[in-house]
Each structure stands twice: as C-alpha cells, then as structure tokens.
Amino acid sequence: MVIAVAVLFFDASFGYARVSPELETIRQFFLKGEYDHVIERMEYIDLDRGGTDALESLYFIGVSLIKVGRFSEGRDMLSRIIQRKPKIKFRDQVELRMADSFLAEGAPDIALKRYQEIMTK
C-alpha cells in the first residue's frame with residue numbers, strides 16, 4: 001500500500017505590526033535561512049514572557065531547530081506556543097511544522113497521523 005503525503009512547508013505570515021528589535025532580528029535571520037543565528041538569539045530573549053513577540057520568537061526558533069535537525073527540541077518550542085495560547089491565529093502553521101518535523105526525522109507514520117488530525121479539524 002502506497003501512501004502519498006502532501007507536505008506543506010509554510011513560512012510564517014504573521015500580521016506585522018510594531019515588533020521588538022529582537023524579534024525583527026530573529027525574523028530577518030529566519031527569512032535568510034540563517035537558522036543557526038536564529039537559535040543563537042534564544043539567550044537574548046525571554047521566551048517565558050507573554051505576548052505575541054515571545055510566541056512568534058518561539059515559532060521561528062522552533063522551526064529553526066527543526067531545520068538544523070534538532071527535531072525534538074524544535075517540537076518542544078512549538079508546543080509551548082499552543083500550551084500558552086491554544087487559539088493563536090497561526091496554530092495550524094505550528095501544527096504543520098511539527099508534523100513536517102516527524103517526516104523529516106524519518107517517522108512518516110507519525111507525520112501522516114498528525115497531518116490527518118490537522119485536516120479533520
């Protein structure tokens with residue numbers, strides 16, 4: 001039995017209003033594909049504070065960790081977004097990135113299950 005999976009690698013398209021300089025730095029590194037630089041910025045921001053900036057920072061850092069092969073750490077970062085704000089507007093993107101990480105890590109069965117869960121919402 002062959003299962004075809006369409007993998008959607010979305011880049012975050014958040015509504016950009018005024019953002020902190022640190023988030024803007026993280027965003028620029030992310031958009032350039034400089035994922036190691038994004039990860040290095042973790043020590044300069046308070047990821048435990050509330051607010052959209054912190055959640056968006058978690059997103060960029062989580063996806064960057066996944067891009068460099070640190071799958072579990074990346075999923076942990078992304079999970080923190082949903083734990084803090086379950087109804088966040090970019091939740092689908094967060095869940096897709098977590099599902100994508102399982103596929104990239106070589107666990108297509110888990111990825112497929114996660115994609116199906118997303119599609120049936």
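## A tour of the helices and their core

Start by selecting F90: at 4% relative accessibility, F90 counts as buried (buried means under 20% relative accessible area, exposed over 50%, partly exposed in between, with a 1.4 Å probe and protein chains only). What you have open is a predicted model, where local features need pLDDT of at least 70, side-chain atom pairs count only at pLDDT 80 or more, and totals for chains, interfaces and linings use all residues. Residues are numbered from 1 along each chain as its sequence is written, and side-chain values use heavy atoms, with hydrogens and water left out.

Y59 and F90 make an edge-to-face aromatic pair, 5.8 Å centre to centre with 80° between the planes. Here, rings of Phe, Tyr and Trp (its six-membered ring) pair if their centres lie within 6.5 Å; planes under 30 degrees apart count as stacked, over 60 as edge-to-face and the rest as tilted. Y59 lies in helix α3 and F90 in the loop between α4 and α5, so the pair ties together parts that are 31 residues apart in sequence.

Together with Y59 and F90, they form one aromatic cluster.

**Zoom out to the whole chain.** How many helices and strands are there? The chain has 6 helices and 0 strands; helices (H or I, at least four residues) and strands (E, at least two) are DSSP runs, numbered from the N terminus.

**Select helix α4, residues 71-84.** Its 14 residues should span 20 Å at 1.5 Å a residue, and its end C-alpha atoms are 20 Å apart, which agrees; the expected span is 1.5 Å times one less than the number of residues. Colour the buried residues of α4: F71, G74, R75, M77, L78, I81 and I82. Seen down the axis of α4, these fall within an arc of 160°, so they line one face of the helix; the arc is that of the directions from the helix axis to the C-beta atoms. Their cover includes α3 (52-67) and α5 (91-104).

**Pick I81.** Which residues does I81 touch, leaving aside its neighbours within four places in sequence? I81 is in contact (heavy atoms within 4.5 Å) with L55, L58, Y59, I88, F90 and V94.

**Finish in the core.** The largest nonpolar core has 25 residues; such a core is a set of buried Ala, Val, Leu, Ile, Met, Phe, Trp, Tyr and Cys residues joined through side-chain atoms within 4.5 Å. Its largest share, 8 residues, comes from α3.
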